[in-house]
Structure formats: C-alpha cells, structure tokens
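Hi,

Here is the structure I promised to pass on.

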Amino acid sequence: MGGSLDFSAVLTGEYLRWLADGLWVTLQLTLGAWCLAFGLAVVLAVLRATEFPPAVWFVSAWVEVHQNIPLLVQVLFWYFAVPELLPEAAREWLYERNSEFILALLAIGFCFSAYMSEALRSGLRAVPRTQYEAGRTFGFGYLQTMRYVIVPQALRLSIPPLVNYSLLLFKNTSIAMAIGVHELTYQSRQIEADTFRTFEIFFVVTAIYLFFSFLIMAVGGLYERRNASAAR
C-alpha cells in the first residue's frame, strides 16, 4: 500500500455503494428523529406554558432526565432495556422491523425534544403578554391562542437555537453505530477495516458531514432571514 494516498480505493465499486447507503440511513435517521423531537418539543413547551403544576412537573422532569444523561447511554438503554419491558408480541414485531434503527430514532428524538422544548420555551416567554390577551379578545381558547397567535411568533424567535439543535442532532446520529445502525460512520468503519485506508475514508466522511452541516446552517439562516423580512 505504501505511503501514497489513494481515494479511488474507497470511492469506487462496493465501497462507494456502502457510503451512499450509510448516508441515506443517516439522512433518514436525522429527518425522523428531528420530526419526532420537534413535534414533542412543541407539545412540551405548550404544556409547560399552562403553568398547571402536574404538567410543569412532568415537562421539567422530562427535560432534566434527557439533558443530564449522555445520549449514548440513552441509545443503549433503549436498545438493551426497553425491549425487555415490552410484551413478547410487541418485542417480536420490533425485532422483525429493523429494531436498531427504530430504537435509535426514538432515543435521539426524545433526547433532542428536551433541548428543543427549552428553545421554544424561551421563544414563548419572549412573546409579549398582550399577544395572549389579543388572542382571547378574538374569542380564542387557550389552545387556539397558542396555535394561531403565540406559537408562530415563538417559532420565529426560536429559529437560531433550533437550527443549532438540528445541527447537533444530525451529527449525533453517528452514535447509533453503537447499536449496529448502518449509518455513515458505521459504514466508514467497515470500509476502513476492509481497505486499511484510514485517512482516505475518514477524510471523505468528514467532508460529507461538513457539507451537510453547512447545508443545515445555510437553510436555517435563509429561513431566519425570510421570517425577519416578513415580520417587518
């Protein structure tokens, strides 16, 4: 092999297909976990804004648990412990349907829902109280006021931290390799073990992660600028 670099050794034939498959799994995992995290974050933030003590306690506990346990531990817990708590029929159903991917998606989505809910909570607190009163004057109930008046404004205010958490979510999908999800990092390790081209494969994978990270930041920045101009 010598000391020369040879990127063709990891970017042709079967290895290129492995990389493409790994990237596809990473993007699927990112999108699925993001949708779960964002949907839950909205629900959690709205529940906490009710100031109803049981709801506030539940959301506070959810946030503290998911923010203070390493994501790797959460992924391992979901993979090794959670299936044991399920009925046998549910466990068999899960094992027949790519359980590693599903459980990793749930672990990452639940974890980042805690972070995103805090970002949305800050956005909700930044909306002037008069906006709540305006919604009530239109005859809206609490949920209608949150849906049509408050949450849209809070989302605009929360775009920067939400973009940051989206970026972190994308990068942390690599943790799923610990339970055998064939995402991008997992596939790169397989290629490295097969070819011994350590620098080449990890240089390529680093470039791929950088590209999509900058893409997420660019899309987030564009969305923020469009919302800022629309709000004027």
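Let's start with Ile216, which sits in helix α11; helices here are DSSP runs of H or I with at least four residues, strands are runs of E with at least two, and both are numbered from the N terminus. Ile216 counts as partly exposed because its relative accessible area is 22%, given that buried means under 20%, exposed over 50% and partly exposed in between (1.4 Å probe, protein chains only). Its C-alpha atom is 7.7 Å from that of Ser166, although 50 residues separate Ile216 and Ser166 along the chain.

Before going further, a word on provenance: this is a predicted model, where local features need pLDDT of at least 70 and side-chain atom pairs count only at pLDDT 80 or more, while totals for chains, interfaces and linings use all residues. Residues are numbered from 1 along each chain as its sequence is written, and side-chain values use heavy atoms, with hydrogens and water left out.

As for the overall picture, the protein has eleven helices and zero strands. The C-alpha trace spans about 75 × 50 × 25 Å along its principal axes, and 40% of the 232 residues are buried.

Helix α11 covers residues 198-231 and also holds Phe199. With a relative accessible area of 45%, Phe199 is partly exposed. Together with Leu5 and Phe203, Phe199 makes a nonpolar surface patch of about 330 Å². The areas come from Shrake-Rupley with a 1.4 Å probe, and for residues only the protein chains shown count as cover.

Now the helix packing. Helix α1 (residues 13-49) and helix α6 (residues 99-126) cross at roughly 40°, and their axes come within 6 Å. Axes are lines fitted to C-alpha atoms, for helices over the stretch in contact, with angles from 0 to 180 degrees between N-to-C directions. That makes α1 and α6 oblique to each other: under 35 degrees is roughly parallel, over 145 roughly antiparallel, 65 to 115 roughly perpendicular, and the rest oblique.

Helix α7 (residues 129-137) packs against helix α8 (residues 142-157) at about 135°, with the axes 9 Å apart, so α7 and α8 are oblique to each other.

Cheers

Technical notes: Patches are made of residues with over 30% relative accessible area and no salt bridge: like charges are joined within 9 Å, nonpolar side chains (Val, Leu, Ile, Met, Phe, Trp, Tyr) within 5 Å. A salt bridge is a side-chain nitrogen of Lys or Arg within 4 Å of a carboxyl oxygen of Asp or Glu.
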